[in-house]
Amino acid sequence: MMSSAPSAKEIAFAAPERNRQLALAIERALVSRDSQYLETVFNFVLPELLREEPERVVAMFAQQEPGESRNALRDEVARQWIMKDRDAAIEWMSSLEQADRTASVTIATRALAAINPAQAITLADQFGVGSDDGSLEHIVQIWAAEKPAEAVRWIEGQPPGEPRTAQLRARIEHGRSR
């Protein structure tokens, strides 16, 4: 005998329990010493929970004790969330203590740099990260080497006369010459 597909009402009723189970899987992975399990959970479970109930992920992070597991969760949430919902990710990162904010923005900037360097630079500028360690200049240089016309268009739209703009323009020229 064939059973029918669940109705929308049945699915909605089951969602909170499913999300609770997803959160438990993440918490189990964080305390396990199995890096492959943690990677699997981060790749398959975390994205689903971020999509379905991001506030549960935020609460889970807030409840983590300081340390390696908390840092791993913070970094992975920043990396994934910035790609899916920039505004929500930025709001979350803004709410973090300074050290966590800097670390999460750095991770998010690196993730964005691979697909949209201009947005990565804007994010880094918004939070004041990447200029003291040369990472912004590095992003711009790689961008100029891969997509020189795009990088030049971007730098031409930046405010002239600022030392930062001059540094980034020099990196673009260096990247284009390679």
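**View 1. Helix α5 and its buried face.** In helix α5 (residues 86-95), the buried residues are Ala89, Ile90, Trp92 and Met93. Looking down the axis of α5, these residues fall within an arc of 160 degrees, so they line one face of the helix. The arc is taken from the directions that run from the helix axis to the C-beta atoms. On the other side of α5 you will find Asp87, Glu91 and Ser95, which are exposed. Here buried means under 20% relative accessible area, exposed means over 50%, and partly exposed lies in between (1.4 Å probe, protein chains only). Helices (H or I, at least four residues) and strands (E, at least two) are DSSP runs, numbered from the N terminus. The cover over the buried residues of α5 includes α3 (54-63), α4 (68-84), α6 (98-113) and α7 (117-127).

**A word on the model.** This is a predicted model, in which local features need pLDDT of at least 70 and side-chain atom pairs count only at pLDDT 80 or more, while totals for chains, interfaces and linings use all residues. Residues are numbered from 1 along each chain as its sequence is written, and side-chain values use heavy atoms, with hydrogens and water left out.

**View 2. Confidence along the chain.** The predictor's confidence in each residue is its pLDDT, from 0 to 100. The protein has a mean pLDDT of 91, with 94% of its residues at 70 or more. Among its elements, α5 has the highest mean pLDDT (98) and helix α10 (residues 163-177) the lowest (83).

**View 3. The largest nonpolar core.** A nonpolar core is a set of buried Ala, Val, Leu, Ile, Met, Phe, Trp, Tyr and Cys residues joined through side-chain atoms within 4.5 Å. The largest one has 49 residues, and Ile26, Ile82, Met93 and Leu123 have the most contacts inside it. Helix α2 (residues 35-52) gives the most to this core, with seven residues. Leaving aside neighbours within four places in sequence, Leu123 is in contact (heavy atoms within 4.5 Å) with Ile82, Ile90, Met93, Val105, Ala108, Thr109 and Leu112.

**View 4. Tryptophan pairs.** Three aromatic pairs are present in the structure. In Trp81 and Trp92 the ring centres are 6.0 Å apart with 45 degrees between the planes, a tilted pair. Rings of Phe, Tyr and Trp (its six-membered ring) pair if their centres lie within 6.5 Å; planes under 30 degrees apart count as stacked, over 60 as edge-to-face and the rest as tilted. Trp81 sits in helix α4 and Trp92 in helix α5, eleven residues apart, and both are buried. Ring pairs also link Phe61 with Trp81 and Trp92 into a cluster.

**View 5. Trp143 and Trp154.** The ring centres of Trp143 and Trp154 are 5.5 Å apart and their planes meet at 50 degrees, so this pair is tilted. Trp143 is buried at 4% relative accessibility, and Trp154 is buried with a relative accessible area of 13%.

View 6. Asn19 is found in helix α1 (residues 8-31) and is buried, with a relative accessible area of 7%. The side chains of Asn19 and Glu53 make a polar contact (3.0 Å). A polar contact is a pair of N or O atoms within 3.5 Å; within protein, one must be able to donate a hydrogen and the other to accept it, and residues adjacent in sequence count only if both atoms are side-chain atoms. Arg18, also in helix α1, is partly exposed at 46% relative accessible area, and a polar contact of 2.7 Å joins its side chain to that of Glu48.
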